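Subject: Structure for your review

Dear colleague,

Please find below the sequence and the structure that I am handing over to you. My findings follow directly after them.

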Amino acid sequence: MSYCRKNLHCTILFIFSLILNICSQAPGQQATCSISGTIMLPNGKPAAFATVQLLAGNMAERTDSTGYFQLKVACGKAYTLRVSYVGFEERLVPAEAAATGSTPLKITLVPVSNELAEVRVYGKSETQQVKEQTIKAEVINTKISQAQSATVVELMNRSAGIRIRQSGGLGSGINIMLNGFQGRSIKTFKDGIPTDYLGASFGLGTIPVNMLERVEVYKGVLPTSLGADALGGAVNMVSRKDGQKFAAISYEAASFNTHRASVNLHYGGDRYFAGLDAFYNYSDNNYHVTANVPDPVTANIIPTRVRLFHNNFRQLYGEIYGGVKGVPWADELRIAVTAFDIARENQFASLMATPYGASYSTQHARAIPSLRYKKSFARERIRLDQFLVYSAIRSLQADTLAGSYDWFGNFNEAVNPNQRGEGNAPTLAQIDFTNLTSRTGIDFTLNKQHTLALGVVFNDYSRSGRDPYGSVSPGSNPVDLLSLPADYTKTVATLGLASRLLKERLENVFQVKFYASHAVGQEVNTSTGLLREETSTGSNRNFGVAEAIKYNLGDHSYFRISGELATRLPEQQEILGNGAFALSNFSIKPEKSVNGNVGFHTGRPGQYSVELNGFYRITRDMIISVPVGLQYSQSINVEQIRGIGLETDLTVFARPWLALNGNFTYQDFRLYNIREYTIRYLEGARLRNMPYFFANLGVNADLGRATSGKLGIRAFWYLSYVHEYYLDYIPRDTEPDGFLGLWGKARINAPNIIPGQTINSAGIVWHPRFLERFSVAAECKNIFDKAIYDNFRVQNAGRSFHIKLNYIWKQKQNQ
């Protein structure tokens, strides 16, 4: 353990203990109860997605597909619920929350006459409240897509300002892009906790939508509770919540021998709960691509359609949890253990240039224990949320073949049997990573208008490994570079004040952030290639500020504006290298950015919604990887970027059962103030490998509602368009001459162009009337089998067919 980690945790534990001792005797603590029930239509069908709101308060929820709802409230009180649903009369229903358990309600709606029928939605669900909070968030409601065969990546790509690129099929690497930022500038979270401790197991490209309640995408300023060194935004995946007792099982079969399954089990009582979340992914990923194949006689490169043959992916993930809630000493105590195993064949490297036929990689963790503790004090004015986790993850990268494969799967033995590795050099790297993460969140309600929040996230990473084929230091006593000790600690603290003024028409969040990191390791002298004798260290300390303002013009119209001075601390590998061909750089500086966002939203619930957002970025000391000599690479500060962007989103409910959606995003981010003389000709060039215009259209039709429940079918169609962009930087004077660069052709060689693409997908979801807990979905993706080129011009799968089965059971009454 490092000195920094010991001292910080002593401080955290001291503060934590002090708060418990001072506040544990605070009066007025109330246990949490629930009001639940089922909303039904006159024909006995469930009222799916009806709105249920507490009459006195802002709490609201929507029913699920079975008409079930549940609201968390204080025990021992009487409440009045307001129930509303399209085409039916609003109902006011009395309810009582008892500590011993309340009898579930059963509410039947009454239709209104045609003259009075109108769309009426009262209250706001948790998802809607997140979307309309002061800090800008794009909320992807995965719950309504759980019956479909959609992936999280597809759902996010249908939203304005978001683009996730994949480097191949299921299980391949992804690159997140939000409003001009991408890669490591964007942080990912699981239930508000950074996902670093889960390795590659809980990624956007692999997690099934059935595991999530929603995905929150923050563009620019982050909520105080997240507290990360994200430069341009964050993605928070919120786990599924379906009530006290439920079981959900899904299975999907698709083209390319793809199989995906998920299981969610939860059992809870008044004082305890337990559950299991698990999923399995497998795919051969053996789709067709167009590869550059050399002619065996002339050696000329010929674009040839081939099938990938060494590209399968397998993943198993499971988390078992249990805990107590509503006890005098804890609102909730949750203990969980997570395990996963990943195996991936590598068909090619980062670029689809050379085929591999034997290289593979694995990653696994046997047991990752975690603890989460929540408690309210001083009549719920102080709320504590503490999370602790320790993970140990082992990865293996293997490439030791003595020979090579061609694109047709034919093996060619090496002339020299001692010459190994399908890539540039052989490797059998085994790396062990450990990660200790502590997240402390404290909210203090000052009064009705002001809330003070503190979030502290601490990470301690360490790495050790070995590679018998890997890089060694020159000299008489060579040292495996991967075996060198490497330790990295990072702390991000955020203090935020949230205010509601002018009768809650004006909302404001002001934040101050502190960033600190410390790295310890050994490094190679890049000029001599020799290992430095002394241990090297590197530290960074920075402050940042952020401000977000929202002004409510009415119940459903508002302006938002935000700005921040953001910092991203260098990641572990950027400072310490990877122990192989990526060298360390202990003098690297954090990335810094000045970000601004402005937006307007208006609409009428159930009829339409319109949102328009603009953003501005100016980023300094951007970190990139550059070659060092013929063998190594190293992360350095080099690029400076500035630009603007615009995104719009429109949703129209043409009928109560028919929703139309469309959005587009344009962003113009360019290099500026280039210091390096040899590349000054790129001044003003667009960022490489980044789309600058993309758009989406979607149609969703609830044919069951259109036919008064006679057909339990929902149909959908989506179109996605991405304009051509560039694999590498191109001089500004070679760009298309048309308006905003959207018309005309770039005056460069075709291999550097990632071509524009239009993708159509359509499908249906069927809820059989005789099997209310089941649903069946069928979908065809990329209907016209268009070539899809994504991150670094890697080709993704063409047309594919998907079938998905879902089963959901929920408790509706006391048993």
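In this predicted model, strands S9, S10 and S11 make up an open sheet, arranged in that order with antiparallel pairing. Its edges are formed by strand S9 (162–166) and strand S11 (181–182), each of which pairs on one side only. Two bridges join strand S10 (residues 174–178) to S11, again in the antiparallel sense. Met 177 has Gln 182 in S11 as its bridge partner.

Two individual residues were also examined.

Thr 206 counts as buried because its relative accessibility is 7%, below the 20% cut-off. Residues up to four places away in sequence aside, Thr 206 touches Gly 171, Ala 200, Ser 201, Arg 260, Phe 279, Asn 281, Phe 313 and Gln 315.

Once neighbours within four places in sequence are set aside, the contacts of Val 765 include Ala 147 and Gln 148, together with Gly 712, Ile 713, Arg 714 and Phe 716. Ser 775, Val 776 and Ala 777 are also in contact with Val 765. As for Phe 716, 49 residues separate this residue from Val 765 in sequence, while the C-alpha to C-alpha distance between the two is 8.6 Å.

With kind regards

Conventions
Residues are numbered from 1 along each chain as its sequence is written. This is a predicted model: local features need pLDDT of at least 70, side-chain atom pairs count only at pLDDT 80 or more; totals for chains, interfaces and linings use all residues. Side-chain values use heavy atoms; hydrogens and water are left out. Contact means heavy atoms within 4.5 Å. Buried means under 20% relative accessible area, exposed over 50%, partly exposed in between (1.4 Å probe, protein chains only). Two strands pair if DSSP finds at least two bridges between them. Helices (H or I, at least four residues) and strands (E, at least two) are DSSP runs, numbered from the N terminus.
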